[in-house]
Structures are given as structure tokens and as C-alpha cells.
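Hello,

Here is the structure we talked about handing over. My notes on it follow below.

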Amino acid sequence: MIRILSPVLIGIAALAPLVLPTYFVSVATQILIFAVLAMAVDLLAGFTGRTPLCHGAIFGTSAYVTIYAASVVGWPIGLAMLTGILAATCLAMVFGLLAVRTSGVYFLLLTLALGLIVWGVCLRWTEITGGENGLRAQLREDLGLSTRQLYVAVLVTVLCATAAMWRLVRSPFGLTMRGIKEGEGRMASLGYDVTLHLLIAFTASGFFAGVAGALYAVFNDFASPSIVQLSSSVQGLLMAIVGGVGTLFGGFVGAFVIIAMEQTVSAFTERWPTVLGLTFILMMIFAPEGVVGKARLLLKR
Amino acid sequence: MFEAPVLSLSNITVAFGALKAVHDVSLKLRLGERRAVLGPNGAGKTTLFNAITGSTRASSGRVVFEGVDMTRMSPQRRAHLGVARTFQITNLFAELSVLENMRLAARGLSWRKFSLMGRDRLSHTEAAQVEAALAASHLVGREATVVREMSYGEQRQLEVAMALVGTPRMLLLDEPAAGLSPAERTHVAAIIRNLPRNLTVVLIEHDMDLALGLVDSVTVMQNGRVIVEAAPDEIRNHPLVQEVYLGKPHGVGEAEQEGRANAHTV
């Protein structure tokens, strides 16, 4: 199924900027970036069974660091992005060290609290982060990329990141993650160090959230506390859930559905969060396995 | 006969608060010995298993396996030393296929489990081990089946197959035949009987007939203590064992109450 569908979808995605107006190309870029964030969340939520609420903070840290390194320190943009990704990965490792011994609702709450700390730091450490005003840059201008060119650059990066995540979940380590989700006690008696594997998974997930954050920095040219706050983490998780937890590619569907809806609904009403909430409730009742999960079930029949 | 024991438990006590689920148990197993641990519910059999495999740490006493003191080791360290177990309550990866379950079991002791970008295939030796373990557990041809969709009997067989695949040096079977039909029981008994003779096996079993036909020696526990250690043919007519299983004429209620008090620890 994936073998047939993915070349077609990649083809469509590659040709899209030729036909779409600039505004929609920009929306599509955003969808691609958030798909990576959603897939990073899915690595943990869908494959290890640990649902994180701190990925917005990890994503945002990468964006902040990228913008700071490029515009304040003056590093080349590529190096700045790598630094952002590195910062996100290190942050994820620290978060992982603190969180992976817990599970269920405790994991959820602990990661939520860790995310809030990052938000607090971004808000209060004014001389570095600009506080509520955030950090501004002209990374896209410096790179000399048009909206369409940026889209292509983001698409290539996102495809590479997706391939890496696909490889990861299909690797021996990926099977280990699923084993941990299904039965931690058994894993230990088979000789697995569950804590260590979860830490690796958390760090890898943080790395990919960092990739999304660095791309977002270039795309948005602006980092403010709103990207590291809780709602950003929730949004990443919602996209993973709407697409289908444990499906990986559901991240694209989830990001598409939520961002497309946000764009459409916002044109008519200011009550976008209400609509989002309602959609989520309906989703949980009628298709808790998400769009891709539901499609898989229907195809199996 | 006087070779060093494979497993040596000395004065093991496992306490949960004031309750001593296992109380001062000492035990020695020879290489290749098959030992049954019998006893009523709440006797501390599974807790003793947990103390051996590391799921629960002993409050006091020592667990020595092949000369290595593993009293304080984590379950995964003990698995690396060659201790494998099955679980009383089926503990499989329900949403994964039989082969994926076996892959996880086969890779638990190898560095390949850390491969983040490699292909999810077994090495030749691992594949051979998996095949052998599936054959020994009568599961050949079921590789692609999702565990959730298998019968309970087959799931019990898979429990044994997963414990066998890492070529363990000691295997602990926690009620492998619990909840099975008589036909399935004979099946499981045959699987256990045909295990390699150099593998040391400890078996918890409720069904005395089944257990006595499979082992070289028997330990009977009650209220956390070992009350009898004897050969299988001495067990059935042993007065203490009869007392435990049939109750003494005047103390039945008392024994039952104690059994119930301990039940949640098992």
C-alpha cells in the first residue's frame, strides 16, 4: 500500500508549488513542518506507549536556538539550525532521564511540567529570548529563498527525516519500542534494559522535534513563548492522534487536517479552538484510531 | 553428586511490610535437575520465582547462580546470565505476531537490539534458535499469527518458546499448564519432558499428577516456608504433604485463612 501510495503523494507534493498560489504554498510548508513534529510525538506515543506533553517545548527550543545563533550570534544559518537541533536533542535527553521511569498519567504530567519550565524560561529570560516580544530574524531573506524555493527545501528535509523515522520504527530498535509498549515486565525478563531503551527513544524523538523546530525557525523568522507553551505540545499530540497513533505517516494527515481546518475555519469565525475541540471529541468517539488507523482497519476487511 | 550447585538460595526472605511471603527458604539445584515447587495458593511459590529472576528483590538472604551472587541484580542482568522464565498470567506481546515475539526474545541478549537503522531481520544463528524453540514448543507454521488471535493453549506454548530461545541455562516455568484443557496439558507436559537434559528446570504447578511425572525432585511450600523436600515418589504419601493438600482433621479453617491472607502476594 505504502509502496504504491508514497511515490504518488511525493509527486503531488513536489509539483504542488507549480500550481498553488504563494499563500497556499506557505500553508503547505507549515503542514510539512508540523507533520515532522507529529511523527516525532508518534515515535513515543504510538510506538513506546508513552504520551509526551513536552514536544512543543523541545520543538520551540530548537527554533529559539536557531534564530538566536543565526541572528544574534551571527552564525551561518546551516550551523545555527544544527545547533538548534543539537540543543533540542540534549534537552530531550535531560527530559528523558527525568521522565522515562514513569508511565501513564505520571509520564504525561511530568513531561507537561518539564515543558512548562521551558516556557517559563523563554518568557522570563528577557535578555536572551526577548521575553514576550520574542526573537525576530530574516533567515529566509538571508538565504535568498522565495516561498516556493523554501517549500522545496523543506520538502526535501522532511522527506529525509520521514525516511529516517520509518527506518527507525522498522529496525530492531523499533520492534523493541513496540515490545515495551506491549509488555515492559516481559521485556526486562528477556534481558532488555527498558529504561535505557526508552531514553534512547525519547532522545531520538526529541531530535526529530528539533529538526521540525529548526525548519520552523527559517519558515517563520520569529520565535515567541507561544511556540513553546503547552498548546503547542498539545497541537503536536493532536495531529499525531488525528492522523493515527502508531502509524507514523498519520502525522502528515493529522498536520494537514488540523492546519487546513484552522485556515478555513479562521476565515469565518474566531472560534477556531472551539471547532478544534469539537472535532477532537468526535474523532475520539468515532475514530479513536485516527484517519490512517481507520483506513487500515477498513482496508483489512 | 557433589558438584557445585547451579542455583543456590540461602535463607531467602521476601517481606511485604509485615507479611513474609517467602520466609527463610534455602534451596540447591544441580545442573540439569528438574525441580517442582508445589504448595497451596499463597504459599509463596511465585514470590520465590520473582526473587530468583529479580522481579522482586529478596529482603534478606542470597541468590547465587553458577557461582555468581545475583541477589541485587536487575532482571535483565539475570537474563544475561542465562535465567529465563515464563509467567503464570500469560505475559506476551499481544498485538505482535508470533515471529515478532520470538525476535524480541531472541534479541534480548544481543547488541542488535540497539540497531536504530538496521533491518529487522534475525541473524542465521538467531533464526536457527527461533526455529528450534518453535519446534520444541510445537508452534511451527504459526509464525505470522498475531498473538491476540491464538488460543490460550497456544499462548502458553509461546510463553515456553520465548523462554527457550535465548538458550537459557536455567528455566523457571510458572504454572505452564494453568487453565488448559486435559488434552492441552499432556501437550505442555510433553514439551517440558523433551527439554534438553542439561537445562536446569524449576516448575511451579498446581496439578500434582502432572508435576510429579516431570521432575527429579520436589519442594513443597506452605505459608512462605519449605515444609518438605523429597523425591517425587515419596511426595504423594508424605504425611505433611497430605496435610497441606487435604487439610488436617482439626486445623482446616486455620490453614485456609492463612492461605487467603497471603493470596494477594502471588
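A residue is called buried when its relative accessible area is under 20%, exposed when over 50%, and partly exposed in between (1.4 Å probe, protein chains only). This is a predicted model, in which local features need pLDDT of at least 70 and side-chain atom pairs count only at pLDDT 80 or more, while totals for chains, interfaces and linings use all residues. Residues are numbered from 1 along each chain as its sequence is written, chains are lettered from A and ligands numbered from 1 in the order in which they are written, and side-chain values use heavy atoms, with hydrogens and water left out.

Salt bridges

A salt bridge here is a side-chain nitrogen of Lys or Arg within 4 Å of a carboxyl oxygen of Asp or Glu. Over all chains, the structure holds 14 of them. Helices (H or I, at least four residues) and strands (E, at least two) are DSSP runs, numbered from the N terminus.

One salt bridge joins A:R186 to B:E159, with the closest N and O atoms 2.9 Å apart. A:R186 belongs to helix α10 of chain A and B:E159 to helix α5 (residues 152–164) of chain B, so this pair joins two chains. Both A:R186 and B:E159 are buried.

A second one, between the side chains of A:E184 and A:R50, has an N to O distance of 3.0 Å. A:E184 is in helix α10 (residues 184–189) of chain A and A:R50 in the loop between α2 (22–48) and α3 (55–73) of that chain, so the pair ties together parts that are 134 residues apart in sequence. A:E184 is partly exposed at 32% relative accessible area, whereas A:R50 is buried at 4%.

In chain B, the side chains of B:E95 and B:R148 meet in a salt bridge (2.9 Å, N to O). B:E95 sits in the loop between β6 (83–85) and α3 (98–107), and B:R148 in the loop between α4 (124–136) and α5, 53 residues apart. B:E95 is partly exposed, with a relative accessible area of 42%, and B:R148 is partly exposed as well, with 45%. There is also a network, in which salt bridges that share partners join B:R30, B:E33, B:R35 and B:E229.

Buried parts

Nine of the 10 residues of α3(B) are buried, so this helix is largely enclosed by the rest of the structure. Among the buried ones are B:V98, B:M102, B:L104 and B:R107. Their cover includes α9 and α10 of chain A, together with α4 and α5 of chain B.

In chain A, A:T66 lies in helix α3 and is buried at 0% relative accessibility. Contact means heavy atoms within 4.5 Å. Leaving aside neighbours within four places in sequence, A:T66 is in contact with A:A80, A:M81, A:G84, A:L139, A:A214 and A:A217.

Surface patches

Patches are made of residues with over 30% relative accessible area and no salt bridge; like charges are joined within 9 Å, and nonpolar side chains (Val, Leu, Ile, Met, Phe, Trp, Tyr) within 5 Å. Accessible areas come from the Shrake-Rupley method with a 1.4 Å probe, and for residues only the protein chains shown count as cover.

A:L278, A:I281, A:L282, A:I285 and A:F286 form a nonpolar surface patch, with about 540 Å² of accessible area together. A:F286 is in helix α14 (residues 272–286) of chain A and is exposed, at 59%.

A patch of positive charge on the surface gathers A:R3, A:R170, B:R119 and B:R121. Lys and Arg count as positive and Asp and Glu as negative, with His and the chain ends not counted; the place of a charge is taken as NZ of Lys, CZ of Arg, CG of Asp or CD of Glu. A:R170 lies in the loop between α8 (147–169) and α9 (172–182) of chain A and is partly exposed, at 46%.

Regards
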